[in-house]
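Q: Please pick one residue in this structure and take a close look at its surroundings. I would like the contacts spelled out with their cut-offs.

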Amino acid sequence: MRRYYKEDLAFIHDAGFSDWALESAPGILEILRLKGICEGLVVDLGCGSGLWARELAKARYRVLGIDISEAMIAIARKRVPNAEFRVASMLSAEIPSCNAVTSISECLNYLFDSPRDGKMPAPVFRRVYDALTPGGVFIFDIAEPGQVESGMPAKGFTEGKDWMVLVEKEEDQERAVLTRRITSFRKMGRHYRRSDEVHRQQLFKSTEVARELRRVGFRVRTIRSYGHYQLPPAHAAFVARKPE
C-alpha cells in the first residue's frame, strides 16, 4: 500500500488546515445532542491528526479514531492521549458497536486503497449501519462534481511558518475523479525538504449518496453546513440515523 499524508504533509495539514475540523465541531456536537447522543463511543473514520477527536473527548465521549496515515495517527495520539487510535483503512477496518460514526472533511471520497470505478463506498455504509446501536447516527461529508470550476487544471499555494504547499487540481468530468498533485516544502534546519504526493478522489452526487444510504436502511438528511460552518462549494454533508 502506498503511503499518504507522510510526515511532512501530515505536519503541514495539521498546522495550516485545521479550520474544517475545528469550525465544524460545535455544529456536529449539537447534532449529536439533538439526536440524544450525549455519551458513549464515537468512531471517527479518517480521523487525521485528531483535531475533531479532541473536541469529542472534551465533550466526554469515548473516541476511536481510524486513519490510513501513520504520521497523522502519531500526531493524534500525542494530541488526545485518552482516545484510542488505529492505523487502518476505513474501507476495511473493524468498526465496533458505537453510538455514532463520523467522517469529516471529504474522507470517504479518497481513493487511497484502490480505484472504485465510480462506485460509492456502499460497503462502508452497510458496515457503519451494522455497528451503530439503534438510534445511532452517521455524520459525514463528501465532495461533489464541480471542484474545478473551469474544467481546466487549477493551481494554488499556501504558506505558513517554515512550510509551503503547492497544489494542482484537475477534474476528470467524465469519470468524476479529482486529482490533486501536492508538493510540500518544510524547513528542516537551514534547508527545506521537498515531498510530493498525488491524491485522487471519486466525486459523488449528494442525491445518489442519500439514495444509497436509504437503501441500506438509514433515515437521511442532507445539509450544507455544520451549524454556523458553511461547507465549501460543491460539498454536502449527511446526518444518517439508524431507526430505533
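A: The side chains of Asp141 and Tyr226 are joined by a polar contact of 2.7 Å. A polar contact here is a pair of N or O atoms within 3.5 Å; within protein, one must be able to donate a hydrogen and the other to accept it, and residues adjacent in sequence count only if both atoms are side-chain atoms. The model is predicted, so local features need pLDDT of at least 70 and side-chain atom pairs count only at pLDDT 80 or more, while totals for chains, interfaces and linings use all residues. Residues are numbered from 1 along each chain as its sequence is written, and side-chain values use heavy atoms, with hydrogens and water left out.

Asp141 belongs to strand E5, residues 132-143; strands (E, at least two residues) are DSSP runs, numbered from the N terminus. A polar atom of the Asp141 side chain also lies 3.0 Å from the backbone nitrogen of Ser105.

As for charge, Asp141 is buried but has no salt bridge. Buried means under 20% relative accessible area, with a 1.4 Å probe and protein chains only. A salt bridge needs a side-chain nitrogen of Lys or Arg within 4 Å of a carboxyl oxygen of Asp or Glu. Arg180, the nearest side chain of opposite charge, is 9.9 Å away; Lys and Arg count as positive and Asp and Glu as negative, with His and the chain ends not counted.

Beyond neighbours within four places in sequence, the residues in contact with Asp141 (heavy atoms within 4.5 Å) include Trp20, Ser103, Ser105, Glu106, Asn109, Tyr226 and Leu231.

Definitions and conventions:
Helix = DSSP H or I, 4+ residues; strand = E, 2+ residues; numbered from the N terminus. Buried < 20%, exposed > 50% of the residue type's maximum accessible area, 1.4 Å probe, protein only.
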